[in-house]
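Hello,

Here is the structure I promised to pass on to you. Please open it beside this email, and then read on for what I found in it.

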Amino acid sequence: MFFSLQQNSITNTILMFVLIFIIFYFFMIRPQIKKQKLEKKFQENLKIGNFIVTNSGIHGKIIDITNYFCILETITGKIKLEKNTISKELTQLRYNSNNNKNKQKS
């Protein structure tokens, strides 16, 4: 009798840890992996002429791209950055929305 109660307690503990791992996987690990894949795809698809923002908040236009670096033209001059420091593209977010508003007013 005592042995079966102890065995039941061990299996409950193991099941609890498995359940916690599954919850962590679906709510923390899996979304992070998806986000990393999207960022890598975004960085591979950068094009000359795109308006972007870096992780540090610098806004500019891409004027040259190499394997690992981009040359960014800002108001103050040109900056050489690594591709992985670019966080998002502003070309469609900012400039297409302004064009759509201007077209709607006409």
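Which residue in β3 is the bridge partner of I65? It is C70, and we will come back to C70 below.

Before that, some ground rules. This is a predicted model, in which local features need pLDDT of at least 70, side-chain atom pairs count only at pLDDT 80 or more, and totals for chains, interfaces and linings use all residues. Residues are numbered from 1 along each chain as its sequence is written, and side-chain values use heavy atoms, with hydrogens and water left out.

**How confident is the prediction?**

The pLDDT is the predictor's confidence in each residue, from 0 to 100. The protein chain averages 82, and 78% of the residues score at least 70. Over residues 102–106 the pLDDT is below 50, and this stretch has zero contacts in the model beyond near neighbours in sequence; contact means heavy atoms within 4.5 Å. Where pLDDT is low, the predicted coordinates should not be read in detail.

**The overall layout**

The protein chain has two helices and five strands, arranged along the sequence as α-β-β-β-β-β-α. Helices (H or I, at least four residues) and strands (E, at least two) are DSSP runs, numbered from the N terminus. Of the contacts in the protein chain with a separation of 6 or more, 36% are between residues 24 or more positions apart.

**Following the strands**

Two strands pair if DSSP finds at least two bridges between them. Start with β1 (residues 51–54), which runs antiparallel to β2 and is joined to β2 by three bridges. One place to look is I52, whose bridge partner in β2 is G60. The hairpin of β1 and β2 has four residues between the strands, and G57 there takes a positive phi near 95°.

Next, β2 (residues 59–65) pairs with β3 in the antiparallel sense over four bridges. These two strands form a hairpin with three residues between them. Besides the partners I65 and C70, you can find K61 opposite E73 in β3.

Then β3 pairs with β4 (residues 78–82), again antiparallel, over five bridges. Here L72 stands opposite I79 in β4. Four residues lie between the strands of this hairpin, where G77 takes a positive phi near 150°.

**Two faces of one strand**

In a regular strand the side chains alternate between the two faces of the sheet. In β3 (residues 69–73), C70 and L72 form the covered face, while F69, I71 and E73 form the uncovered one. At F69, the charged end of K80 sits over the ring, 4.7 Å from its centre (this needs NZ of Lys or CZ of Arg within 6 Å of the ring centre and within 35 degrees of the ring normal).

**The core**

Buried means under 20% relative accessible area, exposed over 50%, and partly exposed in between (1.4 Å probe, protein chains only). Buried residues make up 14% of the 106 residues in the protein chain. In soluble globular proteins, nonpolar side chains tend to be buried together. A nonpolar core is a set of buried Ala, Val, Leu, Ile, Met, Phe, Trp, Tyr and Cys residues joined through side-chain atoms within 4.5 Å. The largest one here has seven residues: L46, I52, I62, C70, L72, L81 and I86.

Now back to C70. Its relative accessible area is 1%, so C70 is buried. Leaving out residues up to four places away in sequence, C70 touches L46, D64, I65, I79, K80, L81, K83 and I86.

**Along the helix**

Q43 is found in helix α1 (residues 2–44). Is Q43 buried or exposed? With 15% relative accessibility, Q43 counts as buried. Not counting residues up to four places away in sequence, Q43 touches K83, N84 and I86.

Finally, a search of the whole structure finds one aromatic pair. The ring centres of Y25 and F26 are 5.2 Å apart and their planes are at 80°, so the pair is edge-to-face. Rings of Phe, Tyr and Trp (its six-membered ring) pair if their centres lie within 6.5 Å; planes under 30 degrees apart count as stacked, over 60 as edge-to-face and the rest as tilted. Y25 is partly exposed at 33% relative accessible area, and F26 is partly exposed at 46%.

Enjoy exploring!
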